[in-house]
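Colleague: I am new to this model and would like to know what stands behind the words used for it. Could you take me through them one by one?

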Amino acid sequence: MHELDGWTLLAILGMTAISVITRGFFFISEREWTLPEWAQRGLQYAPIAALTAVIAPDILLTEGVVGAVLRDARTWARWRRPVSTSGVGAAVT
Amino acid sequence: MIMPLPPDPGELPARGRLGAWLARRVDTWARTARHPLFWVGAREMAGVSIGLTAWAFMTSVAMVKSGMSITESVLMSLLVFAGSAQLAAIPLIAADAPLWVVLAAAFCVNLRFVVFSLHLRPYFMHLPRFKRLYLGYFTGDVTYVLFTRRFPRPPETEGQRRAQGSYLWGGNVTNWVFWQSLSMLGIFLGAALPSRWGLEFAGTLALLAVACSMVTTRLRALSAITAAAAAVVLFGLPYRLNIVAAIAVAVAISLYAEPRPPAAGDDAGARDA
């Protein structure tokens with residue numbers, strides 16, 4: 001329960017360093033420089049892109065809103081079902 | 001009632017210097033916490049935190065369930081303090097993957113913070129290097145988003161610096177307290193819970209709400225849709241590189257779709273709503 005594996009500790013310390021480095025990446029240097037104009041404009045699209053990129057696979061694939069529908073045999077069965085019984089199928093579901 | 005500060009630390013013996021340093025720290029913290037914007041930041045962050053804590057909880061449950069000890073899980077939560085990087089690294093650690101693979105995965109998931117730090121640079125550069133890194137470390141996804149939404153432009157006066165710093169710390173402290181509390185709860189309750197309650201989805205929904213509030217222009221909506229589509233299509237990439245690739249694609253397409261030529265004197269800040 002309380003053992004501390006040396007390798008895991010090393011991984012934890014390495015990941016801590018990565019947290020500090022990535023979050024402060026452009027704070028490290030004090031050299032004055034300006035970002036190209038296109039990059040400055042591009043920055044306003046990056047945060048929302050990052051958020052949706054993180055959550056979209058969760059919502060669409062992992063949590064299975066789309067994934068489950070695609071995996072669900074009934075999705076495909078419904079398309080193949082003859083016209084006469086499709087009304088029954090819809091009523092059941 | 002402002003207490004007088006101790007004399008110049010240079011004249012004091014070592015123990016006095018520590019006391020004087022502590023007194024100045026406490027004074028600075030108190031000044032930050034008394035600023036009205038500290039509480040605005042705290043309140044706005046608390047609104048989002050309810051959902052994010054479920055994510056913290058599940059990240060911790062995932063750590064314990066993957067076979068990490070309680071000590072290791074507590075250390076990882078307190079030190080690494082990056083839910084998505086932890087979630088990406090946990091299965092790799094459990095599988096005894098090489099150290100560089102674990103770190104590469106964490107770095108790639110955290111690459112978005114590199115972009116954030118580029119954006120925050122003009123806001124932070126008035127601080128000394130250690131404080132910049134310290135503040136940057138405590139600034140997570142949501143506090144960054146809330147901060148740049150409230151302050152589209154970097155501070156110019158001392159008053160603005162104080163206001164922005166107070167708002168950011170209000171959000172950061174709230175985020176840290178919520179995150180670590182639920183994280184600890186998750187670690188200690190983790191072993192007793194059924195492994196899959198789908199609780200992490202609450203965190204996803206919280207992030208979705210934040211993302212929706214950021215869609216203030218058509219081009220940002222385009223960026224969101226492009227990033228979502230690219231992240232899903234590229235889901236097969238290793239180490240969650242799909243996130244980095246999706247950001248790059250979305251930014252490139254949004255820039256390409258911008259109306260041209262830009263008006264004279266226009267800049268990124270002016271477009272922020």
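**Terms and what they rest on**

Modeller: The buried residues of helix 7 of chain B are Asp141(B), Val142(B), Thr143(B), Tyr144(B), Val145(B), Leu146(B), Phe147(B) and Thr148(B). This is a predicted model, in which local features need pLDDT of at least 70 and side-chain atom pairs count only at pLDDT 80 or more, while totals for chains, interfaces and linings use all residues. Residues are numbered from 1 along each chain as its sequence is written, and chains are lettered from A and ligands numbered from 1 in the order in which they are written.

Colleague: What makes helix 7 of chain B largely enclosed by the rest of the structure?

Modeller: A residue is buried if 20 or more other C-beta atoms, placed from the backbone, lie within 10 Å of its own, exposed if 12 or fewer do, and partly exposed in between. In helix 7 (residues 141-150) of chain B, 8 of the 10 residues are buried, and therefore the helix is described as largely enclosed.

Colleague: Why does Phe81(B) count as buried, and why do Arg43(B) and Arg218(B) count as exposed?

Modeller: Phe81(B) has 23 C-beta neighbours inside 10 Å and therefore counts as buried; Phe81(B) is placed in the loop between helix 3 (70-80) and helix 4 (83-94) of chain B, and has a positive phi of about 50 degrees although it is not a glycine. Arg43(B), found in helix 2 of chain B, has 12 such neighbours and so counts as exposed. Arg218(B), in helix 10 (residues 218-233) of chain B, has 10 of them and is therefore exposed.

Colleague: How do you know how many helices and strands chain A and chain B have?

Modeller: Both kinds of element are DSSP runs numbered from the N terminus, with helices being H or I over at least four residues and strands being E over at least two. By that rule chain A has 6 helices and 0 strands, whereas chain B comes to 12 helices and 0 strands.

Colleague: What makes Ala49(A) a contact partner of residues in chain B?

Modeller: Two residues are in contact if their C-beta atoms, placed from the backbone, lie within 7 Å. Leaving aside neighbours within four places in sequence, Ala49(A) is in contact with Ser223(B), Ala224(B), Ala227(B), Ala246(B), Ile247(B), Ala250(B) and Val251(B). The contact between the chains takes 46 residues from chain A and 68 residues from chain B, and helix 3 of chain A gives the largest share of the chain A side, 16 residues.

Colleague: How is that side of chain A divided into nonpolar, polar and charged residues?

Modeller: Ala, Val, Leu, Ile, Met, Phe, Trp, Tyr, Cys and Pro count as nonpolar, Asp, Glu, Lys and Arg as charged, and the others, Gly among them, as polar. The side of chain A that touches chain B then divides into 28 nonpolar, 11 polar and 7 charged residues.

Colleague: What is called the largest nonpolar core, and which residues have the most contacts inside it?

Modeller: A nonpolar core is a set of buried Ala, Val, Leu, Ile, Met, Phe, Trp, Tyr and Cys residues joined through C-beta atoms within 7 Å. The largest such set has 88 residues, and those with the most contacts inside it include Ala49(A), Ala53(A) and Ala89(B). Helix 2 (residues 36-65) of chain B gives this core its largest share, 15 residues.
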